[in-house]
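Try each task before you read its solution.

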Amino acid sequence: MEFRHLLVQTDGPICRLTLNRPERLNALNVRIGVELLQALEDCDRASDVRVVILTGAGRAFCAGDDLRGMTEPGEPDRRYLDPIKQYVEGEGRWPLIIARMRALSKPVIAMVNGHAHGAGFNLALGCDLRVMAETATLAIPFSKRGIATGTNLLQQFVGIGKAMEWVLLAPVLSAPEAERWGLANRVVPPELLEHETMGLARGLAEGPTLVLGYTKSAVVHGWDTPPDTAYRHQGQAVYHSQRTEDFTEGVRAFREKRPPRFSGR
């Protein structure tokens, strides 16, 4: 696929995906959604990619759906007749992107360089970890535009009470507020954002990639299930991890009292 609005850069085991519509604050349309889905699929299949970073070009991470239009000139508008199905499952839609990132067998880090509003907020929450610049903001602005919305993943992070407040009142959250509510794992000055994110990515890339994938799957699938169901997901993760080369290496390194040298296999 030709990537028109997505920059794909590989640095060893780290693949960076950059939303590249800075003139539209990286707002999502069908084309960029399709490109991002394809790039995520490519990353999942590439054995040499062990961590994915998602970020935006320019001064925004992602401003949400492009309200000026979702299709580009000359491109067909393939829409479902059912508007609800179109919203959730339409070509290149952000719920599909979030589902793909959560199903990815490798860690995904959001490097939030600027505004992450609307669907952009959801994209950030769909990543496994979030590193934010101090100047970045999060928002669900729809009520101020006369558009209804829901809480999506937000209530799983902050609870239904605070999620309801934010979708009704549409405040703009600063990076320190996001960190305080557990929405950001790290907040750093803008000039240190790339350094901090790459350091985190390198640490993950040196880890037991398959084991991290099994762990991620157990957390995602056990997130909002009863404890007994979550334990089963955890048990499956443990079972599969014990059949990896990195499990053998981890046990050997522990016995030999040395740092492990994981291969990602």
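## Exercise 1: a residue and its contacts

Leaving aside neighbours within four places in sequence, Gln 86 is in contact with Arg 78, Arg 79, Tyr 80 and Arg 93, where contact means heavy atoms within 4.5 Å. This is a predicted model, in which local features need pLDDT of at least 70, side-chain atom pairs count only at pLDDT 80 or more, and totals for chains, interfaces and linings use all residues. Residues are numbered from 1 along each chain as its sequence is written, and side-chain values use heavy atoms, with hydrogens and water left out.

Task: Is Gln 86 buried or exposed?

Solution: Start by finding Gln 86 in helix H2 (residues 83-89). Helices are DSSP runs (H or I, at least four residues), numbered from the N terminus. Next, take its relative accessible area, 8%. Buried means under 20%, exposed over 50% and partly exposed in between, with a 1.4 Å probe and protein chains only. Gln 86 is therefore buried.

## Exercise 2: two helices

Task: At what angle do helix H1 and helix H3 pack?

Solution: First, recall that two packed helices are described by the angle between their axes and the distance between the axes. Axes are lines fitted to C-alpha atoms, for helices over the stretch in contact, and angles run from 0 to 180 degrees between N-to-C directions. Helix H1 (residues 30-45) and helix H3 (residues 94-103) pack at about 10°, with axes 10 Å apart. That makes H1 roughly parallel to H3, a term for angles under 35 degrees. Finally, look for the residues making the contact, including Leu 36 and Leu 40 of H1 and Ile 97 and Met 101 of H3.

Notes:
Parallel < 35°, antiparallel > 145°, perpendicular 65-115°, else oblique.
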